[in-house]
Amino acid sequence: MRRWFGSVLLGLIAAAALLSAVWTPADVATIDVAHRLQSVSLSHPLGTDQLGRDLLSMLIAGAGPSLGVAVLALVIGLAGGVPLGLLAAACPGWVDESVARGADILFAFPALVLAMLVVAVLGPGASHAALAIGLFNIPVFVRVTRASAQAIWPRDFILAARLAGKGRALISLEHILPNIAGPLIVQATLQLSLGVLAEAALSFIGLSAQPPTPSWGRMVADAQTLIAVAPRLVLLPGLAIAATVLAISLTGDGLRERFAPETGL
Amino acid sequence: MIPLEIEHLSVRYGDTIALDDVCLRVEAGEVIALVGPSGSGKSTLAAAAMDLLPIEAIEQGVVRIEGTDIRTLPESRLQALRGGRVGIVFQEPATALNPALTIGSQIAEVLQLHSELSRAEIIAETLRLLTRVGLDLSPDIYPHALSGGQRQRVAIAMAIAARPPLLLADEPTASLDPIAQGEITALLLSLVRDGGMGLLIVTHDLALARRVADRIVALDQGRLTANAPSLTAPVPRAPRAGGEPLLVFDGVTRTYTAGRRHVAALSGISLSVARGETLAVIGASGSGKSTLARLALGLDGPDAGQVTIAGLDWASTRGADLRALRRHVQAVFQDPGASFDPRQSVAQIVAEPLHLLGKISAAERSERVAAALDQVGLSPGAGARLPQAFSGGQRQRISIARALILEPDLIVFDEALSALDPQLREEMVALLQRLQAELGLTYLFIAHDMDLVRRMADRVLVLRDGHSIATGPVASVLDAPRDPYLAALLASTE
């Protein structure tokens, strides 16, 4: 039931993100100050914001940057971290040491603060935010990949593969990767929900998707002075962030039970 | 009071009958060995004696411990019974002990649960138990610092801590090397004789049962069989004239570094195995047997000396020559299950060594897989399934098929038959001897079962702490052992 709820909710949010690319109930770029801060009505089911934009449309459109940045950051983390982790596990000695210590160094920095720095240097924007968050996903995947792969390498079936003359790269690809898919999938869902939170934080301080593209974090930031007048302007985007993180976490729990029950997290 | 009485016990799982009308008594001071092949119901019987059967099992009959029918007891009384009135020793001491607790605290825990002793008395009793099982060790050390035999002694101390009238031992020596096997068996016997305990020892090792038991009870497909099975007398194989040398070790030394300590796994080993011959390598665990196997397979290199196959040195051969060299050698491991990638089908597993042939067509690939499966008596249809769907014996056949697919000259067997029950071992011995005769294979046979060595091998090499202490034809080395260590090794298993 819990699993089912999580994946359905995540499916709805992802569908909203895709839908917002082609259609929203009202245009989110049109400012209509005459109709600002309207309450719930038929033409605006959730009312309008301080600039007269339709809040429902803003929320639907905000799903795009939120999930998009988190997914892109995840892809960057996987593409960078998994090969490095496999390499470290396959080559004990100085290669392993340098990769592992490199990951440790990257870990030592407070990720979000440094992500802010990266975006501040590169300039604000959704793709730069994804790059900054993705950079800090890399050491996470290096660690998980390396540790899981190190547990597989001493097994007898790796000896059998070596007897077949297979090299480290081929063994990593054919035998190690399929056998560590479970922990990787589990870690991926964790990083995805952390990515949504990180994107929300960056957009709250205006460093992620830029206007007129709506984003949940900036909606909260822009409306914070109006919390007494129109609390829904702050609460609803906040709720959307929380629901997305919840949906990903519940889906992750389901995947964990399915693929890596032994981690018991 | 009689420690254990089982009367007309039948156990079913759905339509499968695990035990069929079994009656069994274990008297005080008596040793009963329960033998039988895998799947004969031995484990079910042992679980039933503690009312530990899974809930889906349907039970009929009576199990009495010291006169009390345990099936009428509430769960709280049963917990007092397990560990309190019935001591249990499992096959694998490594998993029976908690790695995070000291051995002393694990023994003391049993005393806290099952006795009325004060704290000071518990500490004294823990020390007494450690001494009783022959461990002259501090109670404050952790299980990882112990050898397999020492861990099994700790497990035995826990089992006897509450002075139970019945001790249940499930394959207590199966995971130990021959020397430790002999010692643990002797310890169990002395405990039974001194303490007046009844011992029910579950095993598939008939030779062990013969040595220790007052009575042997044999189970076959859930039924007690009237006569205990007889030991097949080893038929020594006719020695064959050696041909040209295939595998040669020349003054091989391999040292491992653990922290600042250097441990010589092999020192100055020279040997030569002729084409078509079988060389057995025996020795206790830690004697260097596995290192020798790894060096022969080119999985590891020597620090000094040379390992050559058909004249090619593992250390200096490169590129295409190395691939050609690899094609000469394959291996069969102790646990076939662990030597298969759990995500691959049988066909993928068996086909793995074909990688050494470079690109070959899918048709040739499946043809060779089918041929290899056929050689070990498996149908080609087996290829599509996952290895988990097969029994232990069939998995070992799959693993032999993988070793055969490249038509190698040398196959290294690393304890490959020691996990199988006697019937399956018979089948494997017959299969391996047939394959050797048909294909002219050379075997390097790492083993600790002397019976198997006598039947499979032409010559034998005995290792102790990395040194060769005896080598020569099987009969001359094993029948009149000159080395005292070898004599002890033989005495503990025969």
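1. Start with the two domains of chain B. In this predicted model, the C-alpha centres of domain 1 of chain B and domain 2 of chain B sit 35 Å apart. Domain 1 of chain B covers 4-225 and domain 2 of chain B covers 245-493.

2. How many residues does each domain bring to the contact? Domain 1 of chain B puts in nine residues, and domain 2 of chain B puts in 11. On the domain 1 side, look at helix H7 of chain B (residues 178-195), which gives the most, with four residues. By class, that side of domain 1 of chain B splits into four nonpolar, four polar and one charged.

3. Next, have a look at helix H9 of chain B, residues 289-296. Six of its eight residues are buried, so the helix is largely enclosed by the rest of the structure. If you want to pick them out on screen, the buried ones are Lys289(B), Thr291(B), Leu292(B), Ala293(B), Leu295(B) and Ala296(B). Here, "buried" is a neighbour count: 20 or more other C-beta atoms within 10 Å of the residue's own. Note that Lys289(B) is on that list.

4. H9(B) is followed by Gly298(B), and the phi of Gly298(B) is positive, near 70°.

5. Taking the contacts in chain A with a separation of 6 or more, 73% are between residues 24 or more positions apart.

6. Last, the place where the two chains meet. Chain A supplies 14 residues to the contact and chain B supplies 19 residues. Which elements of chain A give two or more residues to this side? They are helix H6 (156-163) and helix H7 (168-204) of chain A. H6(A) gives the most, with seven residues. Sorted by class, the side of chain A that touches chain B has seven nonpolar, three polar and four charged residues. Mind the labels here: the H7 of this point belongs to chain A and spans 168-204, while the H7 in point 2 is in chain B and spans 178-195.

Conventions:
Residues numbered from 1 in each chain as written. Chains lettered and ligands numbered in written order. Predicted model: local features only at pLDDT ≥ 70, side-chain atom pairs only at ≥ 80, totals over all residues. Contact = placed C-beta atoms within 7 Å. Nonpolar A, V, L, I, M, F, W, Y, C, P; charged D, E, K, R; others polar. Buried ≥ 20, exposed ≤ 12 C-beta atoms within 10 Å, placed from the backbone. Domains from an automatic or database assignment.
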